[in-house]
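Visitor: Could you walk me through this model, one question at a time?
Guide: Gladly; here it is.

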Amino acid sequence: MDDNEKTGVLRELLNEYGFDLEKLKIFCGLTSIELNSRRHILTVRGSNMAVTKCHEIIQDIKMKLGDIVYEENTELCPVCFDQIVNEFHRLEYCGHAYCRECILHWFQTSNDFPLYCITCESPLVLEDIYWATKEVKSFDVEIYQKALTAFVNKRDNISHCPSPDCPMIYRISNDGTVFLCPLCSNSICTQCQELYHFGMSCNLNKLFKGDSDNNLKMWMQADQNNHKLCPSCSAPIEKNGGCNHMTCWKCKCHMCWLCLQVFPNAILVHDHQRICPREQNLLITF
């Protein structure tokens, strides 16, 4: 504890203004207030008048608390540096105790998961989380969401569903399979992690996302035999194998890839290929 730290100040703030210190923010007219429980730093933002008012409140609390000297073996809360009194929680794994208000505030405001004891860096266990969820209404949803987000962010093979506000996660793959989200019903490409681009490769979808005419021209010129535009709707089509019967991924029309003539169904396309003039030219060239 350095000279600027004062025993019990944080506990008094939490008791007076709530776990999230929102009441202090409103009372002082601050634009934001953030408490780093692990580093014991309170960061406030706002006008000079608002910040000064907050500073005066904290100084008043320090004056009221006075200089407290504890006996050598007194157990102190690692968040507020005050003596552990009536309501507290002792961590299941390492046994260090925290004031009830302090540890609940720490749990609710921390985004650094997994959580570790401030005193000894030992990991918190599920029993500690279970205790907190019983103490604060709806806290279970909040903390599990934070834990899930931390889990996803630390792994290269897991991603969130790209649909806004959808909490579903899925496993990333290299084969571009379709993941049908059971919550929002969107189809997702597991390779490029975008909404699924039926009939288009990941590279082609990326190229035409926010498309410009120059991108289209460059793509067409890169492989003129396998890059064409649908004769019906002008959607870009990439051929990567198979016969010369193609179905447009966008308008679903059937066409001959060689001459781009459109037909009502696949059977007529196959019948046409025997007499397609482009097919004959290819045969003569051979």
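Visitor: At what angle do helix 4 and helix 6 pack, and how far apart are their axes?
Guide: This is a predicted model, in which local features need pLDDT of at least 70 and side-chain atom pairs count only at pLDDT 80 or more, while totals for chains, interfaces and linings use all residues. Residues are numbered from 1 along each chain as its sequence is written, and side-chain values use heavy atoms, with hydrogens and water left out. Axes are lines fitted to C-alpha atoms, for helices over the stretch in contact, and angles run from 0 to 180 degrees between N-to-C directions. On that basis helix 4 and helix 6 (residues 139–153) pack at about 50 degrees, with their axes 9 Å apart.

Visitor: Which word describes how helix 4 and helix 6 lie to each other?
Guide: Angles under 35 degrees count as roughly parallel, over 145 as roughly antiparallel, 65 to 115 as roughly perpendicular and the rest as oblique. Helix 4 and helix 6 are therefore oblique.

Visitor: Which residues make that contact between helix 4 and helix 6?
Guide: Contact means heavy atoms within 4.5 Å. Helix 4 brings Phe107, Gln108 and Thr109, and helix 6 brings Phe139, Glu142 and Lys146.

Visitor: How do the residues in the contact of helix 4 with helix 6 divide by class?
Guide: Ala, Val, Leu, Ile, Met, Phe, Trp, Tyr, Cys and Pro count as nonpolar, Asp, Glu, Lys and Arg as charged, and the others, Gly among them, as polar. The contact of helix 4 with helix 6 then has two nonpolar, two polar and two charged residues.

Visitor: At roughly what angle do the axes of helix 4 and helix 5 cross?
Guide: Helix 4 covers residues 100–109 and helix 5 covers residues 126–135. Their axes come within 11 Å and cross at roughly 100 degrees. That makes helix 4 roughly perpendicular to helix 5.

Visitor: How many residues of the contact of helix 4 with helix 5 are nonpolar?
Guide: Arg100, Ile103, Leu104 and Phe107 of helix 4 meet Asp128, Trp131, Ala132 and Glu135 of helix 5. Three of the contact residues are charged and none is polar, and the nonpolar ones number five.

Visitor: Is lysine 239 buried or exposed?
Guide: Lysine 239 lies in the loop between strand 10 (236–238) and strand 11 (245–247). Buried means under 20% relative accessible area, exposed over 50%, partly exposed in between (1.4 Å probe, protein chains only). At 11% relative accessibility, lysine 239 counts as buried.

Visitor: Which residue has its backbone oxygen 3.1 Å from a polar atom of the side chain of lysine 239?
Guide: Not counting residues up to four places away in sequence, lysine 239 touches Asn226, Asn244, Met246 and Trp257. The backbone oxygen at 3.1 Å from its side-chain polar atom belongs to glycine 242.

Visitor: What relative accessible area does glutamate 121 have?
Guide: Glutamate 121 sits in the loop between helix 4 and helix 5. Its phi is positive, about 70 degrees, although it is not a glycine. Glutamate 121 is partly exposed, and its relative accessible area is 45%.

Visitor: How far apart are the C-alpha atoms of histidine 272 and glutamine 261?
Guide: Histidine 272 belongs to helix 9 (residues 266–273) and is buried, with a relative accessible area of 8%. Leaving aside neighbours within four places in sequence, its contacts are Cys256, Cys259, Gln261, Phe263 and Pro277. Histidine 272 and glutamine 261 are 11 residues apart along the chain, and their C-alpha atoms are separated by 9.3 Å.

Visitor: How far apart in space are isoleucine 158 and tyrosine 170, C-alpha to C-alpha?
Guide: Isoleucine 158 is in strand 5 (residues 158–160) and, at 10% relative accessibility, counts as buried. Beyond four places in sequence, its contacts include Phe151, Val152 and Tyr170. Isoleucine 158 and tyrosine 170 are 12 residues apart in sequence, and their C-alpha separation is 5.8 Å.

Visitor: Over which residues does pLDDT stay under 50?
Guide: pLDDT is the predictor's confidence in each residue, from 0 to 100. The chain has a mean of 81, and 88% of its residues reach 70 or more. The stretch under 50, with one contact beyond four places in sequence, is residues 282–286.

Conventions. Helix = DSSP H or I, 4+ residues; strand = E, 2+ residues; numbered from the N terminus. Polar contact = N/O pair within 3.5 Å; in protein donor to acceptor, adjacent residues only side chain to side chain.
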